[in-house]
Amino acid sequence: MNSASNKDGYYFTYEVPSTEPINKIDLEFNQTNFNWNIVLEGSQTQNEWFQILDDYRILSIKNEQTNYTFSTLNLPQSKYKYYRLLVKSKVKPELKQAKISLDGSLGASYNTYPTTFMNIKQKGKTTVVDIDLNQRLPLSFLKLNISDKVDYYRPMTLQYISDSVTTEKGLKYTYNNLYRGTLSSVDTIGFKFASTLAQKLRLIIQNNDNQALQIESAVAKGYTHQLLVRFDNPADYFLVYGNKNAQLPKYDIQQIASAVPENASSIDLGNTEEISKPKKTLKKPLFESKVWLWLVMGAVIVVLGWFTLRMMAKK
C-alpha cells in the first residue's frame, strides 16, 4: 500500500485482503550483502499499531567463500488487516517482493537421543567433528551448541557412516551426506533432514580463514511416530509386521487424518508373538560329497580311454 522513510529507517505497509491469519513473511531484496534489523507491526485501522516482531535480524552474505541469505520472518500466528514493516537501514532497501503466508504444518514431535563426541580435530581450515549415537537410530534433526558469542557463517556438511570394510590398516568407513548448509549465528534452530538410520555422524565445518568455533555439545533427535487406526467392529485385531514383500496398505483414514478427534482413545499392544513358518525341505543332491563326483568323472574317463585304445588297436 505504502512506502516511506524517516530517521529510523524505511517503512513498507501491506494490506492483506484475507480473513485468514498469517505466521510467515518471506522477503526478497535485489541487494546482497546486507545486515538489517526488522520491526513488524499489525493494525486493523492503521490508527493504532501493535508490535509483532522487534529487532528481528535478516542477513545476506555473498562472496567467494559464502552465499548465505536469511530473510524469512517467522512470527506468532497473527490476524491483522494491515502490516507495517520497518527496515532499519541507512541505505534504501530494494524490496523485490514479500510473500505473506500461513504455514499450517504442525510441529514435529521428537525423541531426543544421547550423543557422545568421539573427537574434534582441525584439518587445515576445516573442523571435523565425529559424533556417536551409541546405537543405530532413526535421525532427523541435529543442533550444535556453540559457545562463541561472535557472528559466524560457515559452510557445513553432515555425513553418516553407511558401510565399513576391514583392511590391513583397520576399518575403512564409507560416508554418505545427510545435509549441506550454513552453520550460522543468526539461524540457531538446528538442521532438519529426511529420517535416516545412523549411529556414527561426521560434521565437516569450513572455517576458511576464521578461528575454529568452540562446539560444546550436540542435540540429536528423531521423529516420534504414531499409528492411527479405526476399528469398525468388535473383534480381535492383530498388527503384523516383518514381511518385506508385503504391499503397502491403503485405508480411508490416510486421506482424512486431520479429522481424527484429539481425544481419540489410545490402545496398548499385547505381547509380541512370532509367527513361525515351516521351513522348506531342500532336496538333497545325488552326490553330497565332491569326492564321489570326482570318482564318477574319473571312472568315465577311464572307460572312454579303454574304448579308444581298443579301437586304435583294431585299426
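Which residues line the largest cavity? The model is predicted, so that local features need pLDDT of at least 70 and side-chain atom pairs count only at pLDDT 80 or more, while totals for chains, interfaces and linings use all residues. Residues are numbered from 1 along each chain as its sequence is written, and side-chain values use heavy atoms, with hydrogens and water left out.

The lining of the largest cavity consists of Tyr14, Ile25, Leu27, Leu40, Leu73, Leu85, Ala98 and Ile100. Two or more of these residues come from each of strand E3 (22-29) and strand E9 (95-101). A cavity is a set of points on a 1 Å grid over the protein atoms alone where a 1.4 Å probe fits but cannot get out, and lining residues have an atom within 4 Å of a point.

Strands are DSSP runs (E, at least two residues), numbered from the N terminus. In strand E2 (residues 9-15), five of the seven residues are buried, so the strand is largely enclosed by the rest of the structure; buried means under 20% relative accessible area and exposed over 50% (1.4 Å probe, protein chains only). Strands pair if DSSP finds at least two bridges between them. E2 runs antiparallel to strand E1 (residues 2-6), with five bridges, and antiparallel to strand E8 (residues 82-88), with six bridges. Tyrosine 11 has leucine 86 in E8 as its bridge partner.

Valine 150 lies in the loop between strand E12 (126-146) and strand E13 (153-167) and is exposed, at 52% relative accessible area.

Notes. Helices (H or I, at least four residues) and strands (E, at least two) are DSSP runs, numbered from the N terminus. On a 1 Å grid over the protein atoms alone, a cavity is a set of points where a 1.4 Å probe fits but cannot get out, and a pocket is an open set with protein on both sides within 12 Å along at least five of seven lines; lining residues have an atom within 4 Å of a point.
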